[in-house]
Amino acid sequence: MSLRFKLLLVALSTLALPWAGWQFVRQTEALLRQGQEQALLASAGTLAKAFAAQHVQWPAAPVLYVHRLAQRVAVDGYGDDWSELKPYAQALGPAQDRQKLRVLLGANADGLYLLADVRDATRTRVDARDPRAARSDHLVLALEAGAETRRYLIASGAPGPFEAHADAAGAALPERLAGAWQEDGSGYRVELRIPDTVRIDRAGVGVFDASEPADDTAELRALLAYDDTAAKSLAALVPDHARARVVDSDAWLIASGGRLENPGAGVPGADGTSGRLVYATLIAPVLTGSATLAGDAPRLDAAEVWQALSGVASTSWRAGEAGGDVVLTAAVPLSAAGEVRGALVLEEENRALPMLANRALFGLAGATLAALLIAGLVLLAFGASLSFRIRRLRNAAERAVRTSGRLSGPMPLADDEDELGDLARSFGKLFDEVGAYTDYLRTLASKLSHELNTPLAIVKSSLDNLDHQALPADARAYAARARDGAERLGKIVRAMSEAGRIERAIAAAEAEDFDLAALVAGCAAGYKPLAGTRELRVRLPPAPLPFHGAPELIAQALDKLFDNARSFAPEGGWIELSLDAADSAALIRVANSGPALPAAMQERLFDSLVSVRDAGMRSAGETPHLGLGLYVVRLVAELHRGRASARNLDDDRGVEFALRLAGMPRRRLSESASDA
Amino acid sequence: MPRHIAIVEDEPLIRANYVEALARLGYEVRGYASRAEAESAFAQKAPELVIIDVGLGDEPDGGFELCRSLRAKSATLPIIFLTARDSDFDVISGLRLGADDYLAKDVSLHQLAARISALFRRMEALRKPVAADNVIAHGPLKIEAERMRVTWNGADVPLTVTEFWMVHTLVRFPGHVKNRDQLMRDAQVVVDDATITSHIKRIRKKFIAVDPAFDAIDTVHGAGYRWKP
């Protein structure tokens, strides 16, 4: 993976930014919420105190709640008019099975109504007048008005209307109560009306099941109804856009004031459906508020309320009626005389908060996107420039390695002041050292040969003089040997200075036009007698190959290649010399059937003082090989804008040295004229 | 009366060897270690032949300086450079200053002696009339072997002893290819191929300086050189 893409990946870390921002927005939102909760709790507390001071006078639990009935009620025993209130029916069954009897009380302008639902699959039917009535399935309704209490036995031999008679004499309470009785497989239902001629304080309902005889005592409970007076004074206390409700200690609604309405409703906001969605998924806390609190239920059976009733204020959030709205609820206990008698629930619907949060979130998203884009672009550009610079440095380094530390021109980036500049300078220093070392190596042989020439001349001239002395015959042999050694030393010294001489010759070489094919042919003819037992194969192009270069030098390079091939090809082997025209260059190849080159040496073969010959290969009396021959070949190739290379032939057939020559650049007429 | 040879060489061992070897051949030889010493001696008595090393003590080009001043005094005094500095540049510099030959130090005493006697022979010959039988003529080329003089279309071509011997070898059998070994043997030098090549190059240049159309020496690549018949 390139540096650029790595940096781009690093740029992705800016994605942490929106996350952090999101957290921040959420935190801010949470703080705002907390503030709102505190504010609402405070106002709920104030409200509760104000309300409690004048209105806490409802009976203590347990009570029978009298629902408000809106419409006229047909007393038919079917209970269709009660359907909405069914869930709020109070279980008044015997202690072992409370749900056996479920009672609903309701009131409207016409009077007080009662609906009793009894679960009793085994029926024993008799009329109320029947003496067996007390031991058959029946209900007992007890009413109390002031000091007077009357009990009515409710039973019916068949579904339909019935009359229930009071058991004792009384003055205020009615003598009879008319109602309707209906049955189905699982039980029976009784609906009856109590005329509102008298104010009833307490009431109770008992059930008797003939199959499970038990006490049919009707426990009297105080009646609790919605208090319009309290509601009015509560409405006066409630702040705008809020709703306050008061419940008794069993969560029955006593008073309600104010209305839940959204102050922000109708204000066109930036957040439509998508905004609400964003808010709901990203910011909104889990809305844990009880849904029970949403409507106009007669009983607020909600956790918040129960907590308040236990004496501890609580708050909660729930979704509002309209999507995206939130409702904040605060429930505080209502106390009277150091006793929790009920709770006050204050609600506030709010839209400002999600809007605010959404705006912040959208702003954040936009800013983050822009930041991400900018950071990405900047990092990409930076990465591109960085990798461009590193590539330049690498290319320069590779070039320098190829040329043994010689760089044409200055090291790139060497003037830069950052770490890459340091690296470039270090590279530059390294290459200078390598270059100096290479130069030293290259000139070492020729320098050394210079220094050796003088002592060699001393030895040789001394030996020459010695020849003219009268030496004993056995001493002459030593003199001859010394001469032989000096000769060999002379050869070595000459070979050592050869590269230097060739370099000078190359520097002074003058190009001319000639036929390369003829030159190679001539050389090949000269090599024939030298090849000995080795077979010399020559392959030349049929047509002349015009070439611009230094023929003497090319011939010398060819000599070196042939010499090399001859020394490596075994007796009876072969040497192949070929010339091809390749594009704008000429390709001279000298192959031989000698042993393969070690892979590591192939690149360095053409360097000065590099030889693959081991000492054992040299026959006695032969001059050592200094590894200058192929260096000369390389110099000649470079003079002709070409290169020398060596490779092993396929199938281990042998080794091939190739010389690719493009020709020397033609001088312009003015230059050659001034040169002459 | 023995001929008087001066050797200017800063290396005492070599100087002693040369002095003794040449004295054995019957020359009267004097050795000098520095240019100043040689010049003061030459002011008293001029030698008949001078062998000079290019680097003299702390003067790297002292030999060239000495050659220049000697040539200024005498146009005919034979001067031989004998030096370890055998680069083409040094050879050309030495020959431009008017030296008669330029030898590398690994030359044998025998080869040195051959050149000395050739140079003395030429001096002798220059004083005598031209002997007809010693003249080789081939086209515009005329070689007077005794005087070691070569003319092309009547114009003098100033060749060194080594070069003269090479041309002589080529011209004796025009059209025959002479390989490098033959040329070396006849020119009484032992040098490498590159040096032979530069010798031939110099010879060509000297002829071309006389006649820009000169084209008589052929290179036969891989074999050697020949004089165009």
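Helices (H or I, at least four residues) and strands (E, at least two) are DSSP runs, numbered from the N terminus. In these terms, A:Arg641 of this predicted model lies in the loop between α11 (629-639) and β22 (643-648) of chain A.

**The contact between the chains**

- On the two sides of this contact, 26 residues of chain B touch 31 residues of chain A.
- At least two residues of the chain B side come from each of α1 (12-24), α4, α8 (193-210) and β11 (217-220).
- Helix α1(B) supplies seven residues, the largest share of the side of chain B that touches chain A.
- Sorted by class, that side of chain B holds ten nonpolar, eight polar and eight charged residues.

**Helix α7 of chain A against helix α1 of chain B**

- Helix α7 (residues 419-467) of chain A packs with α1(B) at an angle of about 25°, and their axes are 9 Å apart.
- Angles under 35 degrees count as roughly parallel, and α7(A) and α1(B) are therefore roughly parallel to each other.
- The crossing in which α7(A) passes α1(B) is left-handed.
- From α7(A), the residues that meet α1(B) are A:Ala457, A:Ile458, A:Ser461, A:Ser462, A:Asp464 and A:Asn465.
- Their counterparts in α1(B) are B:Leu13, B:Ile14, B:Asn17, B:Tyr18, B:Glu20 and B:Ala21.
- This helix contact comprises six nonpolar, four polar and two charged residues.

**Helix α4 of chain B**

- In helix α4 (residues 88-96) of chain B, the buried residues are B:Asp90, B:Val91, B:Gly94 and B:Leu95.
- Viewed down the axis of α4(B), these buried residues fall within an arc of 125°, so they line one face of the helix.
- An α-helix has 3.6 residues a turn, so residues three or four places apart point the same way.
- B:Phe89 and B:Arg96, on the other side of α4(B), are exposed.
- The buried residues of α4(B) pack against α3 (62-73), β4 (79-83) and β5 (101-104) of chain B.
- B:Gly98 follows α4(B) and has a positive phi, near 100°.

**Loop residues with positive phi**

- A:Arg641 has a phi near 50°, which is a positive value in a residue other than glycine.
- With 15 other C-beta atoms within 10 Å, A:Arg641 is partly exposed.
- B:Asn153, in the loop between β8 (149-152) and β9 (155-157) of chain B, also is a residue other than glycine with a positive phi, near 55°.
- B:Asn153 has 12 C-beta neighbours inside 10 Å and counts as exposed, because a residue with 12 or fewer is classed that way.

Technical notes:
Residues numbered from 1 in each chain as written. Chains lettered and ligands numbered in written order. Predicted model: local features only at pLDDT ≥ 70, side-chain atom pairs only at ≥ 80, totals over all residues. Buried ≥ 20, exposed ≤ 12 C-beta atoms within 10 Å, placed from the backbone. Arc of directions from axis to C-beta. Contact = placed C-beta atoms within 7 Å. Nonpolar A, V, L, I, M, F, W, Y, C, P; charged D, E, K, R; others polar. Axes fitted to C-alpha atoms, helices over the stretch in contact; angles between N-to-C directions. Parallel < 35°, antiparallel > 145°, perpendicular 65-115°, else oblique. Left-handed = near helix turned anticlockwise from the far one by under 90°.
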